[in-house]
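Welcome! Please take a look at the structure below, then work through the exercises that follow.

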Amino acid sequence: MDVSIGDQVRLVRPLPYLKTADPMPMLRPPDLVSTDEIGEVVGLKPLETVAVRFRRGTFLVPNDHLSVAELPLAEPPTETPEP
């Protein structure tokens with residue numbers, strides 16, 4: 001799957017742990033991000049890894065654990081007749 005910076009993504013399946021995208025990465029428990037949470041791609045890393053910002057932090061996630069989030073289409077504004 002090809003992703004680019006700014007794409008909205010979500011986890012396909014839970015990871016055994018989460019690795020932070022900090023300069024000094026730490027391993028975090030997997031329950032910080034649920035599979036229905038949408039994150040934003042903020043960086044592309046080597047070896048098919050992506051930095052994704054979720055609600056509780058930015059984590060390094062393998063590309064094969066992500067899918068592009070399908071957001072509902074916004075309804076166009078309805079025009080009101082001018083008096």
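**Surface and setting**

The protein chain has an accessible surface of about 6,200 Å², and carbon and sulfur atoms hold 55% of that surface (areas come from the Shrake-Rupley method with a 1.4 Å probe, and for residues only the protein chains shown count as cover). This is a predicted model, in which local features need pLDDT of at least 70 and side-chain atom pairs count only at pLDDT 80 or more, while totals for chains, interfaces and linings use all residues. Residues are numbered from 1 along each chain as its sequence is written, and side-chain values use heavy atoms, with hydrogens and water left out.

**Exercise 1.** Describe the secondary structure of the protein chain.

*Solution.* Start by counting: there are 0 helices and 7 strands (DSSP runs numbered from the N terminus: H or I of at least four residues for helices, E of at least two for strands). Next, read the order from the N terminus, which is β-β-β-β-β-β-β.

**Exercise 2.** Find out what share of the 83 residues of the protein chain is buried.

*Solution.* Begin with the cut-offs: buried means under 20% relative accessible area, exposed over 50%, and partly exposed in between (1.4 Å probe, protein chains only). By this rule, 29% of the 83 residues count as buried.

**Exercise 3.** Examine the backbone at L47 and E48.

*Solution.* First, recall that most residues other than glycine have a negative phi. L47, not a glycine, has a positive phi of about 60 degrees, and E48, also not a glycine, has one of about 55 degrees. Then locate them: L47 lies in the loop between β4 (38-45) and β5 (49-54), and E48 is in the loop between β4 and β5 too. Finally, check exposure: L47 is exposed at 80% relative accessible area, and E48 is exposed at 56%.
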